[in-house]
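Me: I have a protein structure open and would like to go through it slowly with you. Could you take my questions one at a time?

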Amino acid sequence: MMPPSPAHASAAASPVPPAERRWRPVPGFLTRFLIGLAGSTTASLVAPYVAVEPGHLRLQAAIAFAAGALFGLPGIVAVGLGQLAVLVTMPGHPVGPLVLAGLADTLIAAAGWFAFRFARGSGRGLPDLSSYLVAVGAVLAGCLAAAPLNAGATAMAFPRAFGLQLVGNLTGVVLVGLPLMLCARSWLASLVAPLPYERMPPPPRRLEDEADGETVDLDETEATLVVGPDEGNLLRGLAAGAALVGAITLAAVPLVAATPDGAYWAALLYLGVVIWGARSYGLRGGVVAASASGVALLLGTWLAGLLNGGGDLHPLSLYAQLVLLSPVGAYLGAAREREVRLLSEVVSHARLLRQDLLRVVQALTAAIEAKDSYTESHLKRVGDYAVSTGIRLGLRGRDVEMLYYAAMLHDVGKIGVPEHVLRKRGPLDEEEQAQMRLHPEIGARIVRGLDVLSEAAPLILYHQERWDGGVNGGYPGYPAGLRGEAIPLGARIIAVVDAYDAMTSHRPYRAALPMPEAIAELRAEAGQQFDPDVVIAFISVLREKPWLTD
């Protein structure tokens with residue numbers, strides 16, 4: 001048997017790649033453990049200055065929930081050990097209460113991890129309302145399980161201690177832990193312990209109604225509704241939210257200092273911030289705005305207490321309102337996201353319907369062109385230049401769309417005119433002229449039967465009317481003899497563009513006029529056959545967009 005080559009021998013003998021794969025998770029484990037330990041230790045050291053008595057916001061519970069949900073086992077272990085940091089700064093502190101507090105925080109951390117671990121399709125970045133409900137369920141379960149241990153670490157009677165500790169844990173996790181988990185999952189994704197089947201949150205962006213700023217873009221082949229929502233700037237939004245919270249807090253401090261129950265009314269002021277966050281940034285915006293509002297109000301009441309010579313509101317009464325801001329923000333944000341999503345679908349369907357409508361219009365124009373060879377390319381030119389002229393005159397949105405469809409279909413009534421009249425190689429006699437003059441009415445009846453095109457029917461019906469209302473002479477207005485602004489603007493635009501195209505097109509019985517002569521004829525008829533403002537607008541369009549003949 002041939003001996004293996006040196007390359008094969010070294011590859012077979014080297015155990016490094018398997019070892020690397022086996023030990024690769026260790027740095028992640030250690031990193032998460034150290035981050036969790038640092039956060040838990042900091043919370044334990046700062047907590048005596050934040051929660052001066054039972055029932056106040058427990059920062060340790062907030063850090064415990066976020067560390068457990070984000071880091072898993074390393075975070076849970078780190079949270080349990082973090083309470084021992086108090087022994088470094090307070091060597092004489094009893095060990096028993098610290099152990100109980102550490103076990104309580106461990107339960108809160110474990111509740112956060114296992115809730116998201118087994119709730120498939122949820123996400124720690126709170127991508128939807130179901131994920132938020134999973135988080136709230138974990139918060140309630142963890143805090144209820146931890147409260148007896150926290151109560152055992154105090155010298156108070158158990159029922160009261162249980163209630164106060166439960167309030168402190170809930171307030172801490174809802175106001176600090178949830179937004180901390182949400183932000184870390186979005187912005188520190190590489191440090192977060194992976195979960196199977198976790199739903200990732202979408203990139204944070206400002207929610208806008210997609211119908212805002214709609215414009216109509218009619219190019220050479222189709223008419224489409226182009227929607228361009230402004231996604232906004234996230235940093236500007238955060239700065240605006242922070243400024244709004246700060247302004248309300250500055251206004252609330254004197255109210256709370258002057259009135260014993262002022263904090264209850266001040267809490268209502270922050271509801272506006274929560275609504276703004278939810279409408280602007282959805283569920284996550286509502287949750288973060290609620291948390292920022294709650295923390296700001298607590299700081300404001302603390303400052304008001306200092307200004308008032310001490311004293312504090314009972315947490316059981318105030319914290320209930322602050323905790324409720326979070327589910328209100330989440331629900332409003334989820335509803336706003338659904339509203340924008342549905343609106344986006346409506347706009348998308350409307351765009352598809354418009355494209356289908358354009359295909360119907362193109363099919364009808366093809367039918368006209370098959371019957372009357374003169375109309376070939378004529379309808380497309382009239383449609384393009386009518387739209388440009390209409391925009392020049394201030395038409396926007398749906399008015400431009402209807403003008404385009406009417407211009408494309410203004411001769412659709414010729415389907416009802418005998419072919420020998422349409423194809424006659426000479427001037428029409430009186431009877432033939434009477435038949436030809438029926439085409440606006442026939443076209444309007446055809447289009448009026450389609451709801452999506454019914455607004456174009458008057459433009460088709462009156463596109464042969466004269467500005468001066470004349471009904472006699474070589475070019476009478478018909479069918480109704482309208483005059484001036486009684487004629488729809490779209491019909492006046494089609495009349496000018498249609499006449500110019502007719503003058504510059506070849507006929508079997510006459511040659512096409514040169515473009516300067518056709519423009520001179522339009523100027524001569526301005527105020528008589530044609531609306532003078534429309535003539536001016538159309539001539540200015542011709543200067544920028546040269547006329548394309550066959």
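Me: Which ring does the charged end of K545 sit over?
Reply: The charged end of K545 sits over the ring of Y385, 4.8 Å from the ring centre. A charge sits over a ring here if NZ of Lys or CZ of Arg is within 6 Å of the ring centre and within 35 degrees of the ring normal. Please keep in mind that this is a predicted model, in which local features need pLDDT of at least 70, side-chain atom pairs count only at pLDDT 80 or more, and totals for chains, interfaces and linings use all residues. Residues are numbered from 1 along each chain as its sequence is written, and side-chain values use heavy atoms, with hydrogens and water left out.

Me: And which residues are linked with Y385 by ring pairs?
Reply: Ring pairs link Y385 with Y500 and F538 into a cluster. Rings of Phe, Tyr and Trp (its six-membered ring) pair if their centres lie within 6.5 Å, and planes under 30 degrees apart count as stacked, over 60 as edge-to-face and the rest as tilted.

Me: How many aromatic pairs does the structure hold?
Reply: The structure holds 6 aromatic pairs. One of them joins F114 and F118, which are stacked, with 6.1 Å centre to centre and 10 degrees between the planes.

Me: Why are those two separated by about one helical turn?
Reply: F114 and F118 are 4 residues apart in helix α7 (residues 95-118), so about one helical turn separates them. Helices (H or I, at least four residues) and strands (E, at least two) are DSSP runs, numbered from the N terminus. The ring of F118 also has the charged end of R117 over it, 5.4 Å from its centre.

Me: Is F118 buried or exposed?
Reply: F118 is exposed, because its relative accessible area is 59%, whereas F114 counts as partly exposed at 43%. Buried means under 20% relative accessible area, exposed over 50%, and partly exposed in between (1.4 Å probe, protein chains only).

Me: Back to F538, then. Which residues of α22 are buried?
Reply: The buried residues of α22 are V534, V535, A537, F538, I539, S540, V541 and L542, and they pack against α14, α20 and α21. Contact means heavy atoms within 4.5 Å.

Me: What caps the N-terminal end of α22?
Reply: D531 does, with a side-chain oxygen 3.0 Å from the backbone nitrogen of D533. A polar contact is a pair of N or O atoms within 3.5 Å; within protein, one must be able to donate a hydrogen and the other to accept it, and residues adjacent in sequence count only if both atoms are side-chain atoms.

Me: How many residues has the largest nonpolar core?
Reply: The largest nonpolar core has 44 residues, and those with the most contacts inside it are Y405, V447, Y500, L522 and F538. Among the elements that give two or more residues to this core are α14, α20 and α22, while α15 gives the most, with 9 residues. A nonpolar core is a set of buried Ala, Val, Leu, Ile, Met, Phe, Trp, Tyr and Cys residues joined through side-chain atoms within 4.5 Å.

Me: New topic: where is H463 found?
Reply: H463 is found in the loop between α19 and α20, and it is buried, with a relative accessible area of 2%. The side chain of H463 reaches the backbone oxygen of I460 at 2.7 Å, and a polar contact of 3.4 Å joins the side chains of H463 and Q464.
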